[in-house]
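Load the model in a viewer and keep the selection panel open. The stops below run from the whole chain down to single residues.

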Amino acid sequence: MIVRGNVGWWTAIFASKGTAWSAIWKRVLLTFLLSVVVTVLHERYGLLDVNLTTTPFALVGLALSIFLGFRNNTSYDRFWEGRKLWGRLVNVSRTFARQTETFIGPLDGEDAPDLSIQRRTVHRTLILRQVAYVHAVRMHLRGEDNYDTLAAWIDPEELTAMRTEANPPQVLMRGTGVRLRNLWRRGLIDTLHLPVLDASLTENTTIQGACERIKSTPIPFVYTVLMHRIVAVYCLALPFGIITAVGPLTPFVVLMIAYAFYGIDAVGGEIEDPFGQDTNDLPLQGLSTMIEVNLKEWIQDDEVPPLHTPRDHVLN
């Protein structure tokens with residue numbers, strides 16, 4: 001994700017990283033060169049006098065702008081919903097950490113040293129499992145498979161299951177649920193508190209499912225293809241429609257319009273999948289590391305990683 005703070009006007013004008021230019025420059029150049037050829041043939045040799053008017057292009061351009069705007073709004077809605085879901089994951093992780101310390105402990109009112117040590121061990125185990133779950137969700141959404149990095153926080157049997165099951169994060173949720181049940185049976189969780197803790201696990205699963213819905217349901221292919229085709233036909237036919245009215249300036253007018261339409265079309269595709277690793281996608285690594293830092297500081301862990309900072313204005 002591009003992180004720049006307050007960007008000046010000139011900086012934004014000449015920025016290249018994170019813009020649509022890298023994706024569209026070839027098609028813009030092709031359209032520009034075509035318009036140069038059309039202009040030379042028309043102005044110097046009197047050819048290609050097709051007598052088209054700008055009216056059809058104005059009407060199609062208006063409709064095309066509306067459709068592109070709708071597609072970009074849909075893509076941004078997906079991007080923003082993904083960010084809100086990860087904001088909820090941050091909150092539920094902190095809530096679960098607080099609940100483990102508040103609700104898990106001896107019920108007889110005594111805090112003997114052995115029970116205190118046991119309780120701290122239980123708190124640490126459950127909180128680190130939540131950290132592992134957050135990283136597992138990130139890997140699952142991004143198609144990564146380096147689950148071995150979670151080995152210090154989970155059981156070897158669970159790590160093996162994560163390598164073989166289609167939904168690795170749910171292995172951790174299932175294991176955490178079993179641990180809460182066992183703690184309840186041992187009397188370390190009150191019957192009234194168990195549903196509260198389970199609600200946090202349910203919220204984790206709900207957030208993950210919503211993220212998977214966004215990931216696995218792109219904008220319908222037929223709509224995307226139609227937009228690409230209309231934009232391409234419009235931009236490539238534009239020189240023939242405005243050459244009579246614009247004359248020698250046709251290549252420059254076509255260049256501006258092609259950049260606008262190709263760029264708007266590319267922006268929608270860039271942010272359609274917010275969980276990827278492009279420069280404009282959500283910084284899932286930064287968010288999951290922030291959760292890890294928050295929860296490890298809570299339990300005073302000795303291995304607290306540094307927060308992720310933007311590199312070259314990019315936070316991944």
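The radius of gyration is taken here over C-alpha atoms, and the globule rule is 2.2 Å times the number of residues to the power 0.38. For a compact globule of 316 residues that rule gives a value near 20 Å, whereas the chain has 28 Å. This is a predicted model, in which local features need pLDDT of at least 70 and side-chain atom pairs count only at pLDDT 80 or more, while totals for chains, interfaces and linings use all residues. Residues are numbered from 1 along each chain as its sequence is written, and side-chain values use heavy atoms, with hydrogens and water left out.

**Whole chain**

Select the C-alpha atoms: along the principal axes they fill a box of roughly 100 × 35 × 30 Å. Switch to a cartoon, colored by secondary structure, to see 10 helices and 0 strands. Helices (H or I, at least four residues) and strands (E, at least two) are DSSP runs, numbered from the N terminus.

Contact means heavy atoms within 4.5 Å. Among contacts between residues at least 6 apart in sequence, 75% join residues at least 24 apart.

Next, show the surface. The chain exposes about 17,100 Å², with carbon and sulfur atoms supplying 61% of it; accessible areas come from the Shrake-Rupley method with a 1.4 Å probe. Of the 316 residues, 40% count as buried. Buried means under 20% relative accessible area, exposed over 50%, and partly exposed in between (1.4 Å probe, protein chains only).

**Largest nonpolar core**

A nonpolar core is a set of buried Ala, Val, Leu, Ile, Met, Phe, Trp, Tyr and Cys residues joined through side-chain atoms within 4.5 Å. Select W86, I104 and L150: of the 50 residues in the largest core, these touch the most other members. The elements giving two or more residues to this core are α3 (55-103), α4 (113-142), α5 (156-164), α6 (168-185), α7 (194-216) and α10. Its largest share, 12 residues, comes from α4.

Center on W86. Leaving aside residues up to four places away in sequence, W86 touches V134, V137, R138, L141, C211, F275, L284, L287 and S288.

**Second core**

Now select I24, V28, L64 and Y223, which are among the 18 residues of a second, separate core.

**Q300**

Last, go to the segment after α10 (284-298), where Q300 is placed. Most residues other than glycine have a negative phi. At 69% relative accessibility, Q300 counts as exposed.
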